Amino acid sequence: MKVKECMCNDVKFVTPNTTVCDCAKLMCNSHIGCVPVCDDSKNVVGVVTDRDVILRALACDKDYKTIPVSDIMTCKVCCCDANSDIKEAEKLMSQNAIRRLPVIENNQIIGILTIGDLAKNQNVNTEGVCDTLENICDCKSKNAE
């Protein structure tokens, strides 16, 4: 199965100059916990999570109404190609401990693949999703202790 068959293609994104406040409102209104940051050509240049908003803006007493997301975003972003196999995407998520993976085609964002998308898709191997989630959460090493 290909990533494009499982991903959400109604992806919301912001630009590097979007304020943290506006980004947080987009997350709230869209019921999402992660927003890709894209340049004018829709190339992914970063990603902002709800955790970034809290830990990199609010907890640091930054003025979330004026600072741009470029000040708090993660710049090193793992992405996958829309035509990649789901197993490749699961491997990327596992290796990088991420729950959300921007999906690109011709270097432009076209969707996002989440651990939830994998879990609810009947054509995806449930055992593979469980392994991916265990790796993301580092459950295997914690259970061994």
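Predicted model: local features only at pLDDT ≥ 70, side-chain atom pairs only at ≥ 80, totals over all residues.
K87, K91 and Q95 are exposed on one side of helix α3.

Helix α3 spans residues 86-96, and its buried residues are I86, A89, E90, M93 and S94. These residues sit on the same side of α3 because they cover an arc of only 135 degrees around the axis. An α-helix has 3.6 residues a turn, so residues three or four places apart point the same way. The exposed residues K87, K91 and Q95 lie on the other side of α3.

Both ends of the helix can be described. Just after α3, A97 has a positive phi of about 50 degrees.

The next topic is the cysteines. How many disulfides does the structure hold? The count is zero. A disulfide needs two cysteine sulfur atoms within 2.5 Å. For C34, the closest cysteine sulfur is in C23, 8.9 Å away, so the two are too far apart for a bond.

| Residue | Relative accessible area | Class |
|---|---|---|
| C28 | 54% | exposed |
| C34 | 8% | buried |
| L55 | 42% | partly exposed |

L55 belongs to helix α2, which covers residues 50-58. Together with I54, L58 and Y64, L55 makes a nonpolar surface patch of about 350 Å². Patch residues must have over 30% relative accessible area, and L55, at 42%, is partly exposed.

Definitions and conventions:
Residues numbered from 1 in each chain as written. Heavy atoms only, no water. Buried < 20%, exposed > 50% of the residue type's maximum accessible area, 1.4 Å probe, protein only. Helix = DSSP H or I, 4+ residues; strand = E, 2+ residues; numbered from the N terminus. Arc of directions from axis to C-beta. Patch = residues over 30% accessible without salt bridge, like charges linked within 9 Å, V, L, I, M, F, W, Y side chains within 5 Å. Areas by Shrake-Rupley, 256 points an atom, 1.4 Å probe, with all protein chains shown as cover. Salt bridge = Lys/Arg side-chain N within 4 Å of Asp/Glu carboxyl O.
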